[in-house]
Amino acid sequence: MIHSNRNRHPWPILAFIVFAIGCKDDVKGDIQTVEEDITASETGMLSQQGAPGADGIDWMVATGEAPVENCAAGGIQLNVGPDVNSDGVLGPDEVVSVDFVCNSIDGAAGPEGEAGRDGIDGVDGTNGINGSDGEDGADGVAGGAGANGIDGVDGAPGPQGVPGADGTSCSVSDNSDGTKTISCDDGTSVLVSDGINGEDGANGEDGVQGPPGEPGADGEDGEDGLNGEDGEDGLNGEDGTSCSVVENDDNTVSINCGDGTSVTIDIPESSAAPVLVQSTLLAAGDVCQFGGIATQVGNDANGNGTLEENEVTGTDYRCNEPAPCVGDVWIETDADAAAFGAKKCEILFGNLIVYGPVTSIAPLLGLTQVIGQLQIMAENLSSLSGLNNLTYVGDVMYVGNNDSLDNLAGLESLVHISGNLLIEQQSLESLSGLNNLKEIGGDLFIRNIAVLSNLSGLGSLAGVDTVQISGNPDLLTLTGLTELKGVGQLTVYDNPALQNMDGLESVTDIFSALIIDANPKLESLSGFESLATVTDFNIYDNDILPQCQVDMLLAHTAVSGSIYVLDNGSADPSLCD
């Protein structure tokens, strides 16, 4: 697209017109001259040739970047005019015409497509077979030289020795036949043969194990998984119980059922009408939460063979047990929560995913167990009220990306999680709500929580495999893990405000690895006073942690594997006095 803005001025027609056109990126290019003769035949006149005219004025074209106000998407500005002062440069006062060649503007972007629903995490595969032992590692780096001893007292100077004879310089040449010749400047030489290769030296000891790598960045969300195959048909329900009615001699009626239960109902003595018994199915409601059977007894006063409402003298209710709910449940809206709550499920055999714009899960109050994953990631959810009776999660539990949630109140009944517990809730101020959680069958991850200052709320946790605490900028202490005595692996890294290990006083054994890494304000390892055993010991890149703190911990801890200690703070032992 070309936008033009021209200012034109008349110029006299000359016998010779010279144009200078810029073709380079700077203000002018090569000059091309076009000469036109005005002949008599063209003018219609025949006259004597006049004296040569004065030299013509060069015309020039200068290019530059177009201003935004003329070309919103950028472009080129073309300045055209005569080089009046013949300096080879088109000055601002010589420009007579300005054109703009503008770039096209991109059209508006189309609307963003609706994001697909996250697929459910697949089941963890079984552990692979242990690989064979690797080859011996390369020799470790040699230790530095020890400090020099104190200089001894200088002895008395000895007598000067007799000057030695001048030495002779020699050179070695390879004869390419397994021999070498050593030739010296004094004319002597010697022929030597290559020696037999010596036996290979023994392998050096394994080098020190390198530090564990930093955890990789989270991968992109996977595509929705394929729908699973239909499950097998459930088992048929148990047969109902048959009952019989017996009239007793004491004006009572006994209803005896095959399951051993019975009920006795009085019959009014004044009634001479026959006794009728009828049973009706009850819908789920206030009398029976999950439905059931109502058995009514009364006298057929009008003799029509039907027990009417005004003839009923007694009623017995037999309520159904709750039926299990099977299949994954996705709660995206408040209407979804209400619909699932109406099913009055106590046990869900499937995954429960709470996400999207839902604001309340209060209708889920009857839920006690989720035999699958529980994922809570709803941007408008401000409370977990509705999970107050939940005691068990059979797989992974994830709490994250709930922009309005600042606490975990509502999970006070939760006791056991069979899989991992991952909490990365930016706005979370406290872990209160998990006060009764005793066991995590997998790993505990507490990471990237912006305002969390301690771990209070985990005071009942006694069993867990791996604990990883990372990326929590305001975390000052690990206080809260009062019942934790043994752990598979403990990793504490990248917590910018963490100053010590207080809160881990009960931990006695770390069965795999201890990793304390990149905590820039960590100045003490207090909190590890009870630690007795660890397999691999890794403490590194903690800028101000004194080496003597590490030494003190190693002094009372039995390490059965590798030790990696590097790039911590000062080596001054007085910092631990």
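Trainee: How many salt bridges does this predicted model contain, and what makes a contact a salt bridge?

Mentor: The count comes to 2 salt bridges, the term meaning a side-chain nitrogen of Lys or Arg within 4 Å of a carboxyl oxygen of Asp or Glu. This is a predicted model, in which local features need pLDDT of at least 70, side-chain atom pairs count only at pLDDT 80 or more, and totals for chains, interfaces and linings use all residues. Residues are numbered from 1 along each chain as its sequence is written, and side-chain values use heavy atoms, with hydrogens and water left out.

Trainee: Why is the contact of E424 with R447 called a salt bridge?

Mentor: The closest N and O atoms of E424 and R447 are 3.1 Å apart, which is within 4 Å, so the pair qualifies. E424 lies in strand β23 (residues 421-424) and R447 in strand β25 (residues 444-447), so the pair ties together parts 23 residues apart in sequence. Strands are DSSP runs of E, at least two residues, numbered from the N terminus.

Trainee: What makes E424 buried or exposed?

Mentor: Buried means under 20% relative accessible area, exposed over 50%, and partly exposed in between (1.4 Å probe, protein chains only). E424 has 15%, so E424 is buried. R447, at 17%, also counts as buried.

Trainee: Why is the contact of K485 with E483 called a salt bridge?

Mentor: The closest N and O atoms of K485 and E483 are 3.9 Å apart, therefore within 4 Å. K485, at 46% relative accessible area, is partly exposed, and E483, at 38%, is partly exposed.

Key
Helix = DSSP H or I, 4+ residues; strand = E, 2+ residues; numbered from the N terminus.
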